[in-house]
Amino acid sequence: MNLTPAALLRAVLLSLVLPVSVLSAQGEEPPATPPATPPATPPAGRGRPAATTVLPDSVMQSSLRVFLDCQGGVRGCDRTFFVQEMGYVNWVRDRFDSDVHLLLTSLNAANGGRQITVNFLGQKRYAGKVDTLVVTTLPNDADDVVRRDLLRTFQLGLAPFVARTPIASRLRVGLANGVVAPTLNARSMKDRWNLWLYRVDGNINANGEQLVKTTNLSTTLSAARTTEQWKINLGATGSYNERDFKVFVANSATPAVRDTVSVIVLQRASNINALFGRTINAHWTVGTKISGGFSEVLNQKLSLRVSPAIEYNWFPWSEATRRQLTALYYAGPNYYQYYSTTVFGRDDELRYNHTMLLALTQRQKWGNTNLTLEGSQYLHDTRRNHVTLSGFVDLRLGRGFSLNFRGSASRVRDQIYIAANAQSERDILTQRQQLQTNFRYNLNVGVGYTFGSIYNTIVNQRFGNLGELGRRFGFSGN
C-alpha cells in the first residue's frame, strides 16, 4: 500500500509519542456519538494531504472541560504548554466548572527522579469515572522531556472522556504499523551500580554591601539504595557561613574621629547520617537512624546519635501519592561534647531520648493538607521536652475562592546545649549561637478569590519579564 507524505509523517509521529490527534473531516458537523469503526486515516487525495479545517465554535463549546491541578509543585507541570498542545479541550480555571479534574501528585523515585501520579477524576456527567496513570522521570531529565511525557499521558488518559464528546469523530489513537514494544525481563537486566544512586552537591553564595558581606559555602554527599523491601540513605553535609560587619567606633586618640572595625561572625557545621529501613508489610516499617557531627551554633563540638525506629501508615503505602497518615517512633542514646560548659554544668554527657511523630498528608480535589505533630523528651529529666505542631492547609471552598494556612508552633524545653557564659550584646544581635527560648512560632494566612471567564486557553507571553528593576505582570486563575 502506498502512503501519502502526510500519512507517512503521521505514522512516524505516532510511533514516537503515541499522540492523540484531532483531525478535521472536511467541515461536516460531527455526529452526537462516534462511529463504531472510525477510518484509519482522514480522507486525502492521491499525493496530497487532507485539507486543514478549523473546528467550529459550536463544537469547541461542547468539548471536554479540563481542570489542571498540580499539587506540591509537580515538575514539568507547564500549563501554557499543555494549552498550546491540546487545544481540542477547554482548560478551565475552576474545578467546579470541569468535566475532568486532572490531579497530579509526585514522590521521590528510587532512581533519583520523580514518580508522578496522574489521576483522571470524572465530574458532572462523568461522575464516577476515574483512572490513574503513572509517569516516572529520571533525575537528569530536561523539563521539556518531563512535560512531553505528561502531555502524552494526558492525551491517552483523556481519550475515553473525549470519546463521549462531539469531537470524538476527529480522534485518532494508535501505534504505527510494524512497531512492537520490546519485552524486558527484569532478571536479565544487569546493573553495575546494584541499584545504588550517588549525588554530589556544592554551593557557593556571596553577597555584600559597603558595610556588610556574607559568604556561604556548603556541600552534600549522598548515596541511596531503594528496593521494595529496603530503603538505605547515606549522607554527609558541611556548611561554612561567614558574615563580615563593618562597625564604627570612636578613635582612642581622637574621640571625634570614628574608625571602622571589622566584626566577623563564623558559623560552621558538619553532619553525617545513615537511615536503614525494612518493609514489613503494607503498613509497617522498621529501621535505624544513625548520625554524628558538630555545630558551632548549637555549642556542640561532637554529637552522636543512634535511634531504632518503627513506622505505621494507616493507609497502604500504595496510596502514598494521595494520602498518608503515619505514626513514627524512635528512641536511643545521644552523646554530646560541648565547646563551652552548659547551663547545667556539663562539658559532655550521654542522654537518652525518645520521639513520636504523627503526620497527615492528603491531596484531594478540594485541596491538600500536610499536618505534623512531633514531640520529643529526654528520659533522664522528662521536663526537658519539645513539642511542635506544623503544617500547611490549602482549601478550595468554592468557585474561585481559596484559603490557605501555613505555620508552626513549638514549645521548647530541651536546650540542654546552651552555654553557661553570658552572651554579649553583639553575639545576641548577630545570633552567633542559638539563643535560649521557651517557644517558637511562625504563621501565614492567605486568601484568594478569582472571578470572570471560566475559559483560559489563550497564551500571550509578551511583557513576561521586565528585568530585575522592573515589574512582572501576570495572572493566575488556578
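The following conversation goes through a predicted model and asks what stands behind the terms used for it.

Colleague: What makes Asp69 count as buried?

Modeller: Buried means under 20% relative accessible area, exposed means over 50%, and partly exposed is in between, with a 1.4 Å probe and protein chains only. Asp69, which has its place in strand S2, has a relative accessible area of 1% and is therefore buried. Of the 478 residues of the chain, 33% count as buried.

Colleague: Which residues does Asp69 touch, leaving aside those up to four places away in sequence?

Modeller: With contact meaning heavy atoms within 4.5 Å, Asp69 touches His101, Leu102, Leu103, Leu104, Gln364, Lys365 and Arg396. In the chain as a whole, residues 24 or more positions apart account for 60% of the contacts with a separation of 6 or more.

Colleague: What makes a set of residues a nonpolar core?

Modeller: The members must be buried Ala, Val, Leu, Ile, Met, Phe, Trp, Tyr or Cys residues, joined through side-chain atoms within 4.5 Å. The largest such core has 29 residues, and those with the most contacts inside it are Leu64, Trp91, Leu102, Leu104, Leu150, Phe154 and Leu158. Two or more residues each come from strand S2 (65-70), helix H3 (79-85), strand S4 (100-108), strand S5 (114-122) and helix H4 (143-162), and H4 gives the largest share, eight residues. A second, separate core of six residues includes Tyr336, Tyr378, Ile416 and Ile418.

Colleague: Which residues touch Leu102, again not counting those up to four places away in sequence?

Modeller: Among them are Val66, Phe67, Leu68, Trp91, Val118, Phe120, Phe154 and Leu158, and also Asp69.

Colleague: Why is the pair of Phe81 and Phe82 given the name it has?

Modeller: Rings of Phe, Tyr and Trp (its six-membered ring) pair if their centres lie within 6.5 Å, and planes under 30 degrees apart count as stacked, over 60 as edge-to-face and the rest as tilted. The ring centres of Phe81 and Phe82 are 5.9 Å apart and their planes are at 65°, so this pair is edge-to-face.

Colleague: How do you know what kind of pair Trp196 and Tyr198 form?

Modeller: Their ring centres are 6.2 Å apart and their planes at 20°, so the pair is stacked. Trp196 has a relative accessible area of 24% and is therefore partly exposed. The structure holds eight aromatic pairs.

Colleague: What makes Arg384 and Asp381 a salt bridge?

Modeller: A salt bridge is a side-chain nitrogen of Lys or Arg within 4 Å of a carboxyl oxygen of Asp or Glu, and the closest N and O atoms of Arg384 and Asp381 are 3.4 Å apart. At 24% relative accessibility Arg384 counts as partly exposed, whereas Asp381, at 16%, counts as buried. Salt bridges that share partners join Asp381, Arg383 and Arg384 into one network.

Colleague: How many salt bridges does the structure hold?

Modeller: The structure holds eight, including one between Arg323 and Glu319, whose closest N and O atoms are 2.7 Å apart, and one between Asp201 and Arg199, at 2.8 Å from N to O. Arg323 has a relative accessible area of 29% and is therefore partly exposed, and Glu319, at 27%, also counts as partly exposed.

Notes
Residues are numbered from 1 along each chain as its sequence is written. This is a predicted model: local features need pLDDT of at least 70, side-chain atom pairs count only at pLDDT 80 or more; totals for chains, interfaces and linings use all residues. Side-chain values use heavy atoms; hydrogens and water are left out. Helices (H or I, at least four residues) and strands (E, at least two) are DSSP runs, numbered from the N terminus.
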